[in-house]
Amino acid sequence: MKYLKEVRTMLLTACLVVLLMNILTAIIQPWRPFLLVGLVVSTVGWFWYGRATRL
């Protein structure tokens with residue numbers, strides 16, 4: 001029965017995560033382009049910073 005309880009906990013956690021993701025995407029929806037640009041800029045900047053400091 002312990003196995004069933006673990007599976008139930010896992011399913012519950014998965015449902016909660018999906019719910020949170022849906023809520024977050026609903027909140028973030030209008031700001032998505034800004035977030036994508038920021039992510040790309042920070043990734044590229046971090047990459048170049050790593051390149052510069054290694055040289």
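This note comments on the overall form, the surface and a few individual residues of the predicted model shown above.

1. Basis of the comments. The model is predicted, so local features need pLDDT of at least 70 and side-chain atom pairs count only at pLDDT 80 or more, whereas totals for chains, interfaces and linings use all residues. Residues are numbered from 1 along each chain as its sequence is written, and side-chain values use heavy atoms, with hydrogens and water left out.

2. Overall form. The secondary structure of the protein chain comes to 2 helices and 0 strands, where helices (H or I, at least four residues) and strands (E, at least two) are DSSP runs numbered from the N terminus. The radius of gyration is 19 Å, well over the 10 Å that the globule rule gives for 55 residues, so the chain is more spread out than a compact globule; the radius is taken over C-alpha atoms, and the rule is 2.2 Å times the number of residues to the power 0.38. Along the principal axes, the C-alpha atoms fill a box of roughly 60 × 35 × 5 Å.

3. Burial and surface. Of the 55 residues, 0% count as buried, a class that means under 20% relative accessible area, with exposed over 50% and partly exposed in between (1.4 Å probe, protein chains only). The accessible surface of the chain comes to about 5600 Å², of which 79% belongs to carbon and sulfur atoms; such areas come from the Shrake-Rupley method with a 1.4 Å probe, and for residues only the protein chains shown count as cover.

4. Nonpolar patch. Leu 12, Leu 16, Val 17, Leu 19, Leu 20, Met 21, Ile 23, Leu 24 and Ile 27 form a nonpolar surface patch with about 890 Å² of accessible area together. Patches are made of residues with over 30% relative accessible area and no salt bridge, like charges being joined within 9 Å and nonpolar side chains (Val, Leu, Ile, Met, Phe, Trp, Tyr) within 5 Å; a salt bridge is a side-chain nitrogen of Lys or Arg within 4 Å of a carboxyl oxygen of Asp or Glu.

5. Residues of helix H1. Ile 27 has its place in helix H1 (residues 2–28) and is exposed, with a relative accessible area of 55%. Ile 27 and Leu 39 are 12 residues apart in sequence and 17 Å apart in space, C-alpha to C-alpha. Val 18 also lies in helix H1 and, at 48% relative accessibility, counts as partly exposed.

6. Aromatic pair. The structure holds 1 aromatic pair. The rings of Phe 47 and Trp 48 have their centres 5.9 Å apart and their planes at 70 degrees, so the pair is edge-to-face (rings of Phe, Tyr and Trp, its six-membered ring, pair if their centres lie within 6.5 Å; planes under 30 degrees apart count as stacked, over 60 as edge-to-face and the rest as tilted). Phe 47 is partly exposed, at 45% relative accessible area.
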